[in-house]
Amino acid sequence: MIVTTIEDALKLLLDWVGRPDIAIPERDTTPGQLPWLKPVTEVSDALGPDVFHSGLPLLLTQDRIFRPEELHASSNGYITFIVESQGAYSLGYRPDFPERLFVSGDWVTGSEETVPPGWRRLQMTPEDALIMTVLINGFFGLSGQLRTRDEPDFNTLPPETDVRVWHHPAMGAHWPGFWTDSASSMLHFGGFGQTLMRA
């Protein structure tokens, strides 16, 4: 399955956890809200905390996705809705520009680079950020209960996984993305060096 929307990412996750029966809610059309956050939080609630080996819900299995009621604007007007698991970066938006994504902290920089202070524009959308985080959180949530194969290195794509699921240039020029095989029996996390195996 090729992922282009948050609904696609959630369908992929629901297929992998064996719950394709869960309906994906409609996007939130409330002005100033992130339309894509409602489907993510409601699918997480429908799955519950016991679907993953960690006992954590989708919103918390790796990076933290904030619930709509947890969103609050800071003094400079930015609203954080995703925080990386180690706190390296936060992703946010401004209510006046909900289609623009902003980052604070260390976003895919080299060790010699200086991290700029404050918030700055990131060339992806909040929907892209939620797709990325749903795929990452789903991968880590499933890795504790499905067979996981360690690949020889972080950047080599397994030859069986020749269908790209999702990729975004803002993740860095050399990031391979998520890949699967034609039977959708494998899910490879490019740049992480692991592949989930259904069987």
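Modeller: Let us begin with the hairpin of E8 and E9, where 5 residues lie between the strands and Ser-184 takes a positive phi near 55°. Strands (E, at least two residues) and helices (H or I, at least four) are DSSP runs, numbered from the N terminus. This is a predicted model, in which local features need pLDDT of at least 70 and side-chain atom pairs count only at pLDDT 80 or more, while totals for chains, interfaces and linings use all residues. Residues are numbered from 1 along each chain as its sequence is written, and side-chain values use heavy atoms, with hydrogens and water left out.

Colleague: How many bridges join strand E8 to E9, and in which sense do they run?

Modeller: Strands of a sheet pair through backbone hydrogen bonds, either parallel or antiparallel. Two strands count as paired if DSSP finds at least two bridges between them. Here 3 bridges join E8 (residues 178-180) to E9, and the two run antiparallel. Within this pair, Thr-180 stands opposite Leu-187 of E9.

Colleague: What does E9 form with E10?

Modeller: E9 and E10 form a hairpin with 4 residues between them, and Gly-191 in its turn has a positive phi of about 85°. Their pairing is antiparallel, over 4 bridges; Phe-189 has Gln-194 in E10 as its bridge partner.

Colleague: Are the faces of E9 covered or open?

Modeller: Both are covered: Met-186 and His-188 on one side, and Leu-187 and Phe-189 on the other, are all buried. Buried means under 20% relative accessible area, exposed over 50%, and partly exposed in between (1.4 Å probe, protein chains only).

Colleague: How many residues of H1 are buried?

Modeller: An α-helix has 3.6 residues a turn, so residues three or four places apart point the same way. H1 is mostly covered, with 9 of its 11 residues buried; among them are Leu-12, Leu-13 and Trp-16. The buried residues of H1 pack against H2, H3 and the strands E7 (163-166), E9 (186-189) and E10 (194-197), contact meaning heavy atoms within 4.5 Å. After H1 comes Gly-18, with a positive phi near 75°.

Colleague: Which residues line the largest cavity?

Modeller: Rolling a probe the size of a water molecule over the atoms shows where empty space is left. On a 1 Å grid over the protein atoms alone, a cavity is a set of points where a 1.4 Å probe fits but cannot get out, and lining residues have an atom within 4 Å of a point. A search of the whole structure finds 1 cavity of 30 Å³ or more. The largest cavity has a volume of about 50 Å³, and its lining consists of Leu-12, Leu-13, Trp-16, Val-134, Leu-135, Gly-138, Phe-139, Leu-142 and Leu-187. H3 gives the most to this lining, with 5 residues.

Colleague: Is Thr-61 buried or exposed?

Modeller: Thr-61 is buried, with a relative accessible area of 11%. Thr-61 is found in the loop between helix H2 (37-47) and strand E1 (64-65), and touches residues including Phe-52, Asn-137 and Gly-138. The Thr-61 side chain reaches the backbone oxygen of Asn-137 at 2.7 Å.

Colleague: In what order do the strands of the open sheet stand?

Modeller: The 5 strands are ordered E1-E2-E3-E4-E5, with antiparallel pairing. E1 and E5 (119-122) are the edge strands, each pairing on one side only.

Methods. On a 1 Å grid over the protein atoms alone, a cavity is a set of points where a 1.4 Å probe fits but cannot get out, and a pocket is an open set with protein on both sides within 12 Å along at least five of seven lines; lining residues have an atom within 4 Å of a point. Grid points are joined across faces, edges and corners, and a volume is the space filled by probe spheres set on the points. A polar contact is a pair of N or O atoms within 3.5 Å; within protein, one must be able to donate a hydrogen and the other to accept it, and residues adjacent in sequence count only if both atoms are side-chain atoms.
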